[in-house]
Amino acid sequence: MAFSSSFLVLAALLALVPWQGIASDPSPLQDFCVADKKSPVFVNGFVCKNPKDVNADDFFKEANLDKPRVTNKVGSNVTLINVMQIAGLNTLGISLARIDYAPLGQNPPHTHPRATEILTVLEGTLYVGFVTSNPENKFLSKVLNKGDVFVFPVGLIHFQFNPNPHKPAVAIAALSSQNPGAITIANAVFGSKPPISDDVLAKAFQVEKKTIDWLQAQFWENNHY
């Protein structure tokens, strides 16, 4: 009987391990943990502000997300609202973004290392897609119209493109982390500081080194503001 009880306890503990392993953000142990960004203590996330000092402004930002944004040379602008903008998001595991697309603009291939993304189109049309991990590298894509919703699984390379040459598009995305992070593939590979060896990249992409040198010489602009 003792063995049976011990086995059940062990099984229960093991059942909890995968849940802890896949959690993107730490789960809150109280109503909220407003980020104390002035604290010198480094933790995974932010130290909690004293609840007695918390007020409504810790959960608010006058973000003007109803206003259009100026896009960059790839034709997009991502206005991210995460824990850095709203301290009350600390430990809550969620953030928000407005994405503006110029005609023929795109949010280029990128990943969010800490978040799944769900996106809805507010205006215009978007061609979107993501690629699964090795070895399949299956490409899944869809054309979205106003009101449509699409999900990008955590960590997978994905993009959005406005195929209309005359009209802009707008989307709103929610992400399952207070700080989802973004790695734009071209920026990371060709715009790293210091640069990755052109010998390495020429071999990886199976092109001549002069092609890599030209790509590394370009200005890889960030579209997250």
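**Group meeting: an open sheet and the annotated residues**

Good morning. The structure above is a predicted model, in which local features need pLDDT of at least 70, side-chain atom pairs count only at pLDDT 80 or more, and totals for chains, interfaces and linings use all residues. Residues are numbered from 1 along each chain as its sequence is written, and side-chain values use heavy atoms, with hydrogens and water left out.

I begin with Thr 184, which lies in strand E10, residues 183-184; strands here are DSSP runs of E with at least two residues, numbered from the N terminus. Thr 184 counts as buried at 12% relative accessibility, where buried means under 20% relative accessible area with a 1.4 Å probe, protein chains only. Beyond residues up to four places away in sequence, Thr 184 touches Pro 108, Pro 109 and His 110, a contact being heavy atoms within 4.5 Å.

Next, the sheet. Five strands form an open, antiparallel sheet in the order E1-E2-E9-E4-E7; two strands pair if DSSP finds at least two bridges between them. Strands E1 (76-81) and E7 (149-152) stand at the edges with a single partner strand each, so one side of each has no neighbour in the sheet. Strands E2 and E9 pair over 7 bridges, and Ala 97 has Ala 173 in E9 as its bridge partner.

Finally, the unreviewed UniProt entry lists Asn 107, His 112 and Glu 117 under "binding site"; such annotations may be inferred rather than shown by experiment. Glu 117 is in strand E4 and is buried, at 2% relative accessible area. Its contacts beyond four places in sequence include His 112 and Ala 173.

Technical notes. Helix = DSSP H or I, 4+ residues; strand = E, 2+ residues; numbered from the N terminus. Buried < 20%, exposed > 50% of the residue type's maximum accessible area, 1.4 Å probe, protein only.
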